[in-house]
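Hi everyone, thanks for coming. Let me put the model up on the screen, and then we can walk through a few spots together.

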Amino acid sequence: MVQGATTRTEPRQAFEHACRRCARNFSPALDLRQFAVLTSACPHCGFNHGYDNREGKIYFLVAEKIGRRQSEKSAEAEAGLPEQHAPVSAAPVEEYTEQYESPLTETHEETEQPQEHYAVADDAAEHAADDEPVTIETEAEKRGTLPSRFSVAAIAATMQNFAATLNYRRAAVIAAIVSVVFAGTIGIMQAIPVSSEEARQALASLKAREADIVLDRNGHELNRLGVTQSDKTPLTAFHKWQLDALLYAEDRKFYEHHGVQYTAILRAVLNNFLNLRYAQGASTITQQLARIILQNRKKSVFRKLSEIRLARALEIVLPKQKILELYINNVYLGHGNYSFASAARFYYGKEIKDLTANEYLSIVALIPSPEKYSPLKNNRRLQARMQVLFEGMRTAGIVNVSNEGWQRGMESVTEQAGRFASETAFGEKTRLGLWPAQYSRDYLIQRKILRAENQNSARVHTTIDGELQQRAEELVQKHLRQARKNFRATLKSSDSKEIRLRNRIRQAAYDSGLLLDVAGLSLAREAEPQIQAALIAMAPRSGEILAMVGGESFETMNQLNRTIQMRRQTGSAIKPFIYAKALSQHLIHPATLIDDTPYVVGSGANVWAPENINGGFEGPMPARDALAKSRNIPAIRVGRLLGRDSVTELFSEFFFQSERALEERFSYDETVAIGTISLSPLEMARAFSVFANNGFLNDPILVTRVEAQEKIIDVRKTHTDQLGLTAAGKERILSAAETQLAISMLKSSGRNAGTGVPGIIGKTGTSSDSRDLWFIGGGKNIIVAVWFGFDDMRYSIPGATGSALASKLAGDLLRSDFEPLEFKMQPGMVRMRVCPLSGRMASESCPHARSEVFLSGVTPEGECLHGSGGAEGDFMAVMGESQFH
């Protein structure tokens, strides 16, 4: 180190920032040289904030601010003006070392992951770039030992400050020019008279706007998703304070302006330009209504000018009260809610007048960005915005709630975070086909074919069979009622002890008449969970979804689509794929004898000794019988014969077509052969369709085309990933002969499944402790996957099996108009008489002989000894041998 050199330490970057929870200002200490997400906790409430400095946005803004300050001081010094502030170091920010002190004065247990609050960085950047001084003090300055003015650091600092000053001046000039041009444009528009006819036409288009209509494969209406007349509410349905609160948040001069506030627009333009991003809006409620009518939320000058023109026209033909009423009945408030009335029912199950101050303000807070502030997705961010609104409204005398009352009232808002983020208001609409209708609309919005904040008046054509969908929904409800009557939920032992204790404490509180929480437990008894079910049907040759039922009923609090969004262990339903892979690799044939005898791996505490569902063993049996009887030990032995590489290949072919999905969701061990990998009903139905599609895997399809805004979009051709699965490969998974051999074996397992449908191919499945009950199967034109179980995986259904519940539902659905999948001999296949006891070709006099099909060259060897007159010992030795161990 050069003698006399001074070591620098990182400064404290002090800029004011308002906490998103308590709304108090504090100065976070950040090492801005780290281009990453930085965190700092509020010293007042402990709320953890994240600052998005990954691209150095905050860093450069602070550096620019330093440069401007130093330039101003230099100018003052040259002019002989006295200094008004303490000197700021000339060293640039990037010259500081990484040491810094944290300003945290207190900690709090309740913190959040920083990635949930990246938006805080925008606020930080704004504060760093405003006109308040940025205080920066280095250790060198404290000691009075500044580097030489001719040092490399000082020269670099001077150059940077000079560049920053030029950039600032250039930006100011450009901003002034833009402001003049924009102001002139607005002035010209203001001078041009607007036509009342223009407003009447716009209002007519708003009135004529319809909800999105979802149609089945025959063009019949399944459901309408959007605003209905029951969602329209007059202003008299609001309390005065509620309307005042809305105007305070969105347009405080609503009754003073004529549709547009030009000063607010000019201020917003300057602010946005100086921040080089969209940092501030200036739309009045009339302008927001115009935007709703125009159905254009794109942030652009041209949209703003169109919005201004229409807003002025609306003010000519409508009184203020009517504008406000149209606004509250058409503003988008997230999750499919296009009015205040709809939002009040969806979020809190109340009418508007019955909402508490917290509940109502939570809805008002959604208006700027319903997704960003969604109580289901970003509850804490919503509460931070609510806190700011509450403080302002209480100061203005609009709401009269104490701080304690406000905090107590947050409970119902916080509860929203426990709901599924995918829930929508459409659970209260027409009930038929809401599962596929909602999924279709969500997908189209995600792909930006439709817009969430608008009613698109779209006609969405799907592959759903309306009659089959209705029958499926009715049968799911019917079989669930029967299942809940015959079976009860049982907890795992590790969980049941704790929950039983909680319920005993609650019961004691009831018995003693105590109306209070006991040890932090709510008084309400924990309700016993209800068995749920899911069903999905698809056409195997086209991949078209024919029916989709994600649960008992599509309601506000039950919108989890279990056919797609839920993954569970499949149990024995996975065995057809294990056997099919072994058949295709010529490792077994349908007559191969496989041991159903005790199987033990490991020793001591690490021992694994799997059992069959009935606890017994049946000895060596043909592969066909082992699959039909769903024996676990033979399936494990076949899986072991396949080995790690072949089983992994099986799952990559049938289920996980991408390397990422395979890596994330598949892990090999011997339990895989009996269904310990979790899959969705959709994934199971798609994979099973390979057997009915001559060995090919198809991509599932739900939406065929969309008619919206005078356009027709053929979604089938442009979007092949409609249900979130990796696209199927073009290569055939099974040859024609291998497929027919698998069909032959699956007809045997289908007869034992208990569906009561002749000729069906299929397989039942029951996961560990009867937590998940499955049936997968079908015929020539339909494959169906059915699941029964609990959403809470701690619960099981003791005594229940896939054949007792899932296969019965599938049978009732498929029984009418069922066309079985016919077995057809293919080139490369042979038929032979075999002895099922020995696994050999049957002798002429074998009393157990039966016909069996094989791949050419993969047939039994030798002949059984029945009727040969051989010694009993020789006969028993042959009969008792399996053909692999």
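When I say two residues touch, I mean a contact, that is, heavy atoms within 4.5 Å. With that in mind, P529 touches A489, F790 and Y795, not counting residues up to four places away in sequence. This is a predicted model, where local features need pLDDT of at least 70, side-chain atom pairs count only at pLDDT 80 or more, and totals for chains, interfaces and linings use all residues. Residues are numbered from 1 along each chain as its sequence is written, and side-chain values use heavy atoms, leaving out hydrogens and water.

Back to P529: its C-alpha atom is 7.1 Å from that of A489, 40 residues away along the chain. Is P529 buried or partly exposed? Partly exposed, at 21% relative accessibility; buried means under 20% relative accessible area, exposed over 50%, and partly exposed in between, with a 1.4 Å probe and protein chains only.

Now to charged pairs. A salt bridge here is a side-chain nitrogen of Lys or Arg within 4 Å of a carboxyl oxygen of Asp or Glu, and the whole structure has 29 of them. One of them joins D791 and R562, at 2.7 Å from N to O. D791 is partly exposed, with 39% relative accessible area, whereas R562 is buried at 1%. Another pairs E852 with R624 at 2.5 Å, N to O, and both of these residues are buried. R771 bridges to D769, with the closest N and O atoms 3.0 Å apart. Finally, D596, E618, K629 and R631 are linked in a salt-bridge network.
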